[in-house]
Number of protein chains: 2
Amino acid sequence: MTEIPEDHPRYMSLVTREMLVKGVNDGITSMQGLIAQGRGEAFDYLIGEKTTGTAMRATKAAAAMLLLAERPVISVNGNTAALVSKEICELSKLIDAPVEVNLFHRTEERVGKIVKRLRSDGCITIYGDNPDRLIPGLSHDRAKASSEGIWAADVVLVPLEDGDRCEALIRMGKKVITIDLNPLSRTSRMATITIVDNIVRAIPNIHAFALEMKSMSPMELQEIVVEFSNAESLSRSLEDIAENLKKLQ
Amino acid sequence: MTEIPEDHPRYMSLVTREMLVKGVNDGITSMQGLIAQGRGEAFDYLIGEKTTGTAMRATKAAAAMLLLAERPVISVNGNTAALVSKEICELSKLIDAPVEVNLFHRTEERVGKIVKRLRSDGCITIYGDNPDRLIPGLSHDRAKASSEGIWAADVVLVPLEDGDRCEALIRMGKKVITIDLNPLSRTSRMATITIVDNIVRAIPNIHAFALEMKSMSPMELQEIVVEFSNAESLSRSLEDIAENLKKLQ
């Protein structure tokens, strides 16, 4: 990795970039994933490269929904694995949710490498390398799912999802929690809960909320979930960007 | 390349992405270049993926400045070469400006490949593979320049430049024309003229203006240049984004 001084004003952004380039070199991240990361960087810049109050409220609702879920599953792609593999495994254990590797540009080799990475980072139940179901309405490779994983889940946490797949999961009747820095994307609009934040901040935040709320009653958790409106949250995220644009000017 | 249907609503954006992935596979584009492309995509999306009136005015001023220049040079990096190599060579011939290859993540191998690509795409005078000067204030590899090229230029067209290098060229007393989709970037703020547009649209537009204005007198051209204010143009570009955000909502 290129050496980056810790006092650089954009330290985290630069480190994240290097982690993804390393991900490509390790065979975990796709080149298209690098472009997607760039898009995320631009939107992160526009929200001020910090977790907004709007994102924090969405994160809290997401944690409550995950704690209420009967069969929560965390979907992992190449960028997620390169950036927050350890944090995903910790969250997986805390909320008792298996992980499932799911790639937009699927190759079995890349799936294998990500499974290996997740295993060495402490994940216990990992699906994805042996899919036995096809999600309706998607092209073959992208439709692949595991009967014990995403296929049977009631709530799926899918950071950095693409629009088509998000829509297909919703059509299957699942609740979808996504992490997407673009509040205008189709994924953001389709998801049940969209956290407009950088994944490297959002996953630890979900973990912190879940830990804090683990002792709450289902009714208390349910209240947090129903109070949240995704449309309203996205609209606020756009206002956050507009506000920040004024400040940056 | 992945097959993309021509009627896809985001056809150009997807084709551009595939051209860059091909650029990496051909050894022309760096992986960091892919991330930079992603950032550009996000800002392009925010301006509506079309050339705004603001960008068109900046493009016209840029063409006038290039026609007025005594020693204009076009700086080419890995993304520029992957996306608009042919168009750069056509512009180069029209305005009688040599090109110089200049890379942020410089390797001699990549310089060589880009020089070869430019030559096969019709560029005649190409510098960069034999630099004999160092631009003051930059780290060694990024400082490299050719005495007959950028070093001696009065006007440099540097699409997709980084902030440090743009600043260093300005400090040398050169006029810098840049193409940058982020109106808030340091490059955008430092440059003499910033065209807030996608390079795949901007280079052909500069060409069209230069062709149209080639018969103008220096005084007429000068008038177009002095009427242009970069600060005002950037401020309008931000307003364009804010307007478009409202429409997208």
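This is a predicted model: local features need pLDDT of at least 70, side-chain atom pairs count only at pLDDT 80 or more; totals for chains, interfaces and linings use all residues.
Colleague: Why is D180(A) called buried?

Modeller: The relative accessible area of D180(A) is 14%. Buried means under 20%, so D180(A) qualifies as buried.

Colleague: Which residues is D180(A) in contact with, leaving aside neighbours within four places in sequence?

Modeller: With those neighbours set aside, D180(A) touches S185(A), T187(A), S188(A), T194(A), I195(A), V196(A) and D197(A).

Colleague: What does UniProt list for "binding site"?

Modeller: An unreviewed UniProt entry gives R17(A), R39(A), D180(A), L181(A), N182(A), R186(A), T187(A), N198(A) and I199(A) under that heading. These positions span 183 residues of sequence and are also spread in space, with up to 24.4 Å between C-alpha atoms.

Colleague: Turning to helix packing, why are α3(A) and α9(A) called oblique to each other?

Modeller: Helix α3 (residues 53–68) of chain A packs against helix α9 (residues 199–213) of chain A at about 55 degrees, and their axes are 9 Å apart.

Colleague: Which residues make the contact?

Modeller: From α3(A) come M56(A), T59(A), K60(A), A63(A), A64(A), L66(A) and L67(A). From α9(A) come A202(A), N205(A), I206(A), F209(A), A210(A) and M213(A). The residues of this contact comprise 10 nonpolar, two polar and one charged.

Colleague: In chain B, what makes S75(B) count as buried?

Modeller: S75(B) has 5% relative accessibility. S75(B) belongs to strand β1 (residues 72–76) of chain B. Leaving aside neighbours within four places in sequence, the contacts of S75(B) are E100(B), N102(B), I150(B), V156(B), L157(B), V158(B), P159(B) and R165(B). From S75(B) to N230(B) there are 155 residues in sequence and 20 Å in space, C-alpha to C-alpha.

Colleague: Why is G53(B) called partly exposed?

Modeller: The relative accessible area of G53(B) is 43%. Buried is under 20% and exposed is over 50%, with partly exposed in between, so G53(B) is partly exposed. G53(B) is part of helix α3 (residues 53–68) of chain B. G53(B) and D240(B) are 187 residues apart along the chain, yet their C-alpha atoms are separated by 9.3 Å.

Notes: Residues are numbered from 1 along each chain as its sequence is written. Chains are lettered from A and ligands numbered from 1 in the order in which they are written. Side-chain values use heavy atoms; hydrogens and water are left out. Axes are lines fitted to C-alpha atoms, for helices over the stretch in contact, and angles run from 0 to 180 degrees between N-to-C directions. Helices (H or I, at least four residues) and strands (E, at least two) are DSSP runs, numbered from the N terminus. Contact means heavy atoms within 4.5 Å. Ala, Val, Leu, Ile, Met, Phe, Trp, Tyr, Cys and Pro count as nonpolar, Asp, Glu, Lys and Arg as charged, and the others, Gly among them, as polar. UniProt positions are given in the numbering used here, feature names are shortened, and annotations may be inferred rather than shown by experiment. Buried means under 20% relative accessible area, exposed over 50%, partly exposed in between (1.4 Å probe, protein chains only).
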